[in-house]
Amino acid sequence: MADNLVIVESPAKAKTIEKYLGKRYKVVASMGHVRDLPRSQTGIDTENNYEPKYITIRGKGPLLKDLKKEAKKAKKIFLASDPDREGEAIAWHLSHALGDDKEYYRVVFNEITKDAVKESFKHPGSINQRLVDAQQARRILDRLVGYNISPVLWKKVKKGLSAGRVQSVALKMVIDRENEIREFKPEEYWTITGLFKYGKNNFEGKFNRLANEKIKLKTKEDVDHVLSQLEGDQFNVDSVEKKEKKRYPSKPFTTSSLQQEAARKLNFKARKTMMVAQQLYEGIDIKKAGTVGLITYMRTDSTRISPVAQQEAVDYIEGEYGNNFVGAKPSGKKAEGSQDAHEAVRPTSANRTPANMKQYLSRDQYRLYKLIWDRFIASMMAPAILDTVRMELSNNGVIFRSNGQTIKFKGFMQIYIEGSDDGEEDLNNRLPEIAEGEMVKSDKIDPNQHFTQPPPRYTEARLVKTLEEQGIGRPSTYAPTLDTIQKRNYVKIDQKRFIPTELGEIVNQSVTQYFPDIIDVEFTRSMEKNLDDIAEGEASWVAVIDDFYKDFEPQVERADEEMEKIEIKDEPAGEDCEKCGSPMVYKMGRYGKFMACSNFPDCRNTKAIVKTIGVKCPKCSEGDVVERKSKKNRIFYGCDRYPECDFISWDRPIGRNCPKCDHYLVETKKGKTAKVKCTNCDYEEKAE
């Protein structure tokens, strides 16, 4: 019989750890928290030092009963929940739920590997009350905000709304950006591009200045003035400046940078990134080795790497690429504002390459593991060396400039280059070898009109980055925050970018007017600092909550009294109900807008909003192909005669048949590239 009971959060984690510890340990899962604040009430006694009222989570009763039975039989109880504030709170709640008559040992490990787990059990500690207090303060703070503002919104705007502390700031950022776009006034400007020829080589240059005077090309007249100065098509090479430039690798992943890069390169939502990362952390069944955690703990704001992991990476790089590819050791300096509680997100072993692990992983697991492994190894590699060239060409005082660069030494780029929201950079734009004083010929001088563009809407990656830069939230909050504002229908996603809905703007306006602190970035940032101070033992959680609540409570009372009721009118759909003849209207539901009869509740007719694309159904030839959205907001195409015709396609039919086999053609898109492909054979062509 096992003398020792170990409690972790998940069955997968329990299975992995039990294999490492052996027969004297029984490892069971609590399935996360076992106690929490009640859902039916605030659960905070604001008259008694904000004492929280914790209850057993609904459905966890039988599980807790089993845990108590196991605890009674055990000589020692080890609480091995995750190594963060939330994990510390889970351990604390378990110790209270299982009874105060036992001695509890707290064990933490940053990676679920045999050595790390065994080492942590050699040095068990006790529950860190400061971390528990910090988590409890956040939970109470968020409960006071949500359970006080939300009922006001239900009464004044619409039932089912919510206004959280971090989500309200995120929503405001999206709306502020949308307002910038609406108010943006484009300004005209021009560029002049020259296509030059030297021997058999062609290269481009951009107009830079007129003699020694920088000229802004605002109008066609400005361009004509510059072009009028040109004499013939011969340009003199005034200068050729060559430099060697080093480019350094990105640091290993934090939670935030992992979510950003997974969004850019894998098209993962933040929630999906964290779910797959959790699987890699808790353990994958590897033949011969058994179940192994492949990455370190994935909720971290640190880029620190342990000396052991550094050396293993160096050994791998030396063996695979040679000593000249090994970079300098990381400084290990703590980033400003970071808690630095754990290492960066990295593979638990550099020797478990993605290629070797691929057979044991699902497609999503493999892609995320490869991203983490590539980034970690690259971070330990030498900088890339780029040869850069800047050339200036002149014709009667009209100066063009041409820039080129080539990779001289790949360094870390051998493995990995960080993604960008702005497209890929051309790292091999080679200019011909030309000496100063030589002449080149211009094949074409091409003026182009442009207009300044408004700031881009937020992608998930860019919004997470902005939240982190502003000090809003913490690694564990980004995914649920973005998830919430989408589920509440405060924002929608179009072409991977956030757009606020009418409902989102109404909620933001109400919160901004009556609860200015909640949406104030500086206030939210300072509150995060207060929570960090609690974790460091430099502040009392009761004092922090009280300081907030004494100003917040009057705001709630004022909003309840003064906020005017807002009626969200249904938008006419422009057609009548086929069941009762009443006008149909657009309504907002869980998955977006839909059409419903205005005669509700007497008539309950509803239907999805469909968009005809002007193509006959390729299956039945009678119906029209319409654009629809899945529950996950993904666009697909189907026949408007459904369910009589069950035609469905993820790709857009174009209304033509294949010239080779006569099956229908569809347009497919990958990034910015669009192609027309046959649904049956290998025929394809460029999309128009």
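## Cavities inside the model

On a 1 Å grid over the protein atoms alone, a cavity is a set of points where a 1.4 Å probe fits but cannot get out. Grid points are joined across faces, edges and corners, and a volume is the space filled by probe spheres set on the points. The structure, which is a predicted model, holds three cavities of 30 Å³ or more. The largest cavity has about 50 Å³ of space.

Which residues line the largest cavity? They are Ser162, Ala163, Gln167, Ser168, Leu171, Tyr490, Val507, Asn508 and Val511, where a lining residue has an atom within 4 Å of a point. H6 and helix H15 (502–514) are the elements that give two or more residues to this lining; helices (H or I, at least four residues) and strands (E, at least two) are DSSP runs, numbered from the N terminus. By class, the lining of the largest cavity has five nonpolar, four polar and no charged residues. Here Ala, Val, Leu, Ile, Met, Phe, Trp, Tyr, Cys and Pro count as nonpolar, Asp, Glu, Lys and Arg as charged, and the others, Gly among them, as polar.

Residues are numbered from 1 along each chain as its sequence is written, and side-chain values use heavy atoms, with hydrogens and water left out.

## H16 and its two partners

Let us turn to helix packing. The axes of helix H6 (residues 165–183) and helix H16 (residues 521–535) come within 10 Å and cross at roughly 145°. Axes are lines fitted to C-alpha atoms, for helices over the stretch in contact, and angles run from 0 to 180 degrees between N-to-C directions. The H6 and H16 crossing is left-handed, meaning that the near helix is turned anticlockwise from the far one by less than a right angle (right-handed if clockwise). From H6, Arg165, Val166, Val169 and Met173 meet Val521, Thr524, Met527, Glu528 and Leu531 of H16, with contact taken as heavy atoms within 4.5 Å. Six nonpolar, one polar and two charged residues make up this contact of H6 with H16.

H16 also packs with helix H17 (residues 541–562): their axes come within 9 Å and cross at roughly 160°. The crossing of H16 with H17 is right-handed. Phe523, Met527, Asn530 and Ile534 of H16 make the contact with Trp541, Val544 and Phe548 of H17, and these residues divide into six nonpolar, one polar and no charged.

## H13 against H14

Helix H13 (residues 460–469) and helix H14 (residues 478–487) have axes that come within 11 Å and cross at roughly 125°. That makes H13 oblique to H14. Their crossing is right-handed. Glu460, Leu463, Val464, Leu467 and Glu468 in H13 meet Tyr478, Leu482 and Gln486 in H14; five of the contact residues are nonpolar, one is polar and two are charged.

## Backbone details in the loops

Most residues other than glycine have a negative phi, and most peptide bonds are trans. The bond from phenylalanine 600 to proline 601 is cis, with omega near 10°, and proline 601 lies in the loop between strand E21 (592–597) and strand E22 (606–607). Tyrosine 642 and proline 643 are joined by a cis peptide bond, with omega about 10°. Proline 643 sits in the loop between strand E25 (635–639) and strand E26 (648–649).

Where does serine 621 lie? This residue is in the loop between strand E23 (611–616) and strand E24 (624–629). Phi of serine 621 is near 60°, a positive value in a residue other than glycine.

Note on methods: This is a predicted model: local features need pLDDT of at least 70, side-chain atom pairs count only at pLDDT 80 or more; totals for chains, interfaces and linings use all residues. Angles under 35 degrees count as roughly parallel, over 145 as roughly antiparallel, 65 to 115 as roughly perpendicular and the rest as oblique. On a 1 Å grid over the protein atoms alone, a cavity is a set of points where a 1.4 Å probe fits but cannot get out, and a pocket is an open set with protein on both sides within 12 Å along at least five of seven lines; lining residues have an atom within 4 Å of a point.
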